[in-house]
Structures are given as structure tokens and as C-alpha cells.
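Work through the exercises below with the sequence and the model side by side, and try each task before you read its solution.

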Amino acid sequence: VGSQNTTRASYGSAPGSDDVYNVPRLGLDIVALHHISFGAASALRIDTGSPSNVPGADPLTSLFSFTPRIGYVAQVVPEIAFWPRAGLALSEMFTRSEAGNIRTTDLRMDAAAAVEVSMVATPIPVLGVTMTLATDLPLVGRLEHSTPTATQTESTSRLHFVIDAGVVAHF
């Protein structure tokens, strides 16, 4: 579900589309006092989209996201835990393309409240898997579209629901 001055609905992103939710992310969390965790997750993608991969070639896409977060690990049994976390998701997507000697750029920046609940299964003492349900609740967003003759800026927001699976190592 998303909005951009008017409301429109979309159901997922096509594989390979430009979106921070189509890029693998890496997270690092530390469980401190009394099962409370502190951490962050981040994703990065830089793609020239050109077969030559020459710097400056078009199209260029760069995506970056960073989500600092705090959570609580609730151990159900020694091998199973529930891990709710909340934080602030910040993302930026930049796209530059050229068609017929006209270069255009799009810059999208978003901030959202990130909420996720993971089930963690650790059948091996230091290695496990996670299954996560998450959402990013929009706080603020901006889209800027530039051509050689004009720049348009508008406020936007996007609501995301995510189902995720991952691998966890703990020490």
C-alpha cells in the first residue's frame, strides 16, 4: 500500500525492481541486560545497469537503508524464542538515467517506524533461523524528480508489510 498525493495500492515489488526491500540486509544485535537487545540492520546496492559498468555510465541506481533498533528476547524453551524489535527505518534511493541526451534523476528519501516480531529457532547452540513479520509505518517521505529544465518535489509515504526469513549466529 502506498500513497503519493492520491492513494494507490500495490501488492509487492517485482523481483529486480528498485526498492530497498528487494536488497538483502545485514543486521547486528547485542543482547544486553535482562534480554534487551540493541542493534541495527542495513542494506546497500549500487548498480550501473550498464554492461560496461564504467563509472558515470547510465542508468545508475543506488539504494541505502539503515535501521537502528531495540528489542526484547523472550525465551520460550531453550531452542525457541520470540524477539520483538522496534526502531527507526531510514532509506534513500537514487536513480539516474539518460534517454535521447536528456538525463533525469530521481531521489527518494523515507523515514518510518519499524516494528518486527521474529521467531528464532536455534537447534544448534550457536546457529539458528529466524522467521519475521514486520511493518514500516511511514513518518515522512520525499520524492524529487529532476530534468535539465525543472525539478519537482513532493511529499510521499509508503507503508510496507514484510515476511522475512534469515540465519542467526549467536555467541
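## Exercise 1: Two hairpins

Task: Find the turn between strand 7 and strand 8, and state which residue in the turn has a positive phi.

Solution. Strand 7 and strand 8 form a hairpin with two residues between them, and Gly-100 in the turn has a positive phi of about 60°. Strands here are DSSP runs of E with at least two residues, helices are runs of H or I with at least four, and both are numbered from the N terminus. The model is predicted, so local features need pLDDT of at least 70 and side-chain atom pairs count only at pLDDT 80 or more, whereas totals for chains, interfaces and linings use all residues. Residues are numbered from 1 along each chain as its sequence is written, and side-chain values use heavy atoms, with hydrogens and water left out.

Next, look at the pairing, for which DSSP must find at least two bridges between two strands. Strand 7 and strand 8 (residues 102-124) run antiparallel and are joined by 20 bridges; Gly-87, for example, has Ala-114 in strand 8 as its bridge partner.

Then move on to strand 9, which forms a hairpin with strand 8, again with two residues between them. These two strands also run antiparallel, with 18 bridges, and Arg-108 stands opposite Leu-143 in strand 9.

## Exercise 2: The whole chain

Task: State how many helices and how many strands the protein chain has, and what share of its residues is buried.

Solution. Counting the elements gives zero helices and twelve strands. For burial, the classes are buried (under 20% relative accessible area), exposed (over 50%) and partly exposed (in between), with a 1.4 Å probe and protein chains only. By these classes, 31% of the 171 residues are buried. Finally, take contacts (heavy atoms within 4.5 Å): among those between residues at least 6 apart in sequence, 56% join residues at least 24 apart.

## Exercise 3: Salt bridges

Task: Which residue forms a salt bridge with Asp-29, and which one with Glu-116?

Solution. The rule asks for a side-chain nitrogen of Lys or Arg within 4 Å of a carboxyl oxygen of Asp or Glu, and by it the count comes to nine salt bridges. Asp-29 pairs with Arg-85, the closest N and O atoms being 3.3 Å apart. This pair links distant parts of the chain, since Asp-29 lies in strand 3 (residues 26-31) and Arg-85 in strand 7, 56 residues apart. Both Asp-29 and Arg-85 are buried.

Glu-116 forms a salt bridge with Arg-69, where the closest N and O atoms are 3.6 Å apart. Glu-116 is in strand 8 and Arg-69 in strand 5, so the pair ties together parts that are 47 residues apart in sequence. Glu-116 counts as buried because its relative accessibility is 7%, and Arg-69 is buried with a relative accessible area of 10%.

## Exercise 4: A surface patch

Task: Is Ile-46 buried or exposed, and in which strand is Ile-46 found?

Solution. Ile-46 is exposed, because its relative accessible area is 62%, and this residue is found in strand 4. Ile-46 is one of the residues of a nonpolar patch on the surface, which also includes Leu-44, Phe-64 and Leu-139, and the patch residues together have about 770 Å² of accessible area. Strand 4 (36-47), strand 5 (60-72), strand 7 (80-99) and strand 9 (127-146) each supply at least two residues of this patch. Patch residues have over 30% relative accessible area and no salt bridge; like charges are joined within 9 Å, and nonpolar side chains (Val, Leu, Ile, Met, Phe, Trp, Tyr) within 5 Å. The areas come from the Shrake-Rupley method with a 1.4 Å probe, and for residues only the protein chains shown count as cover.
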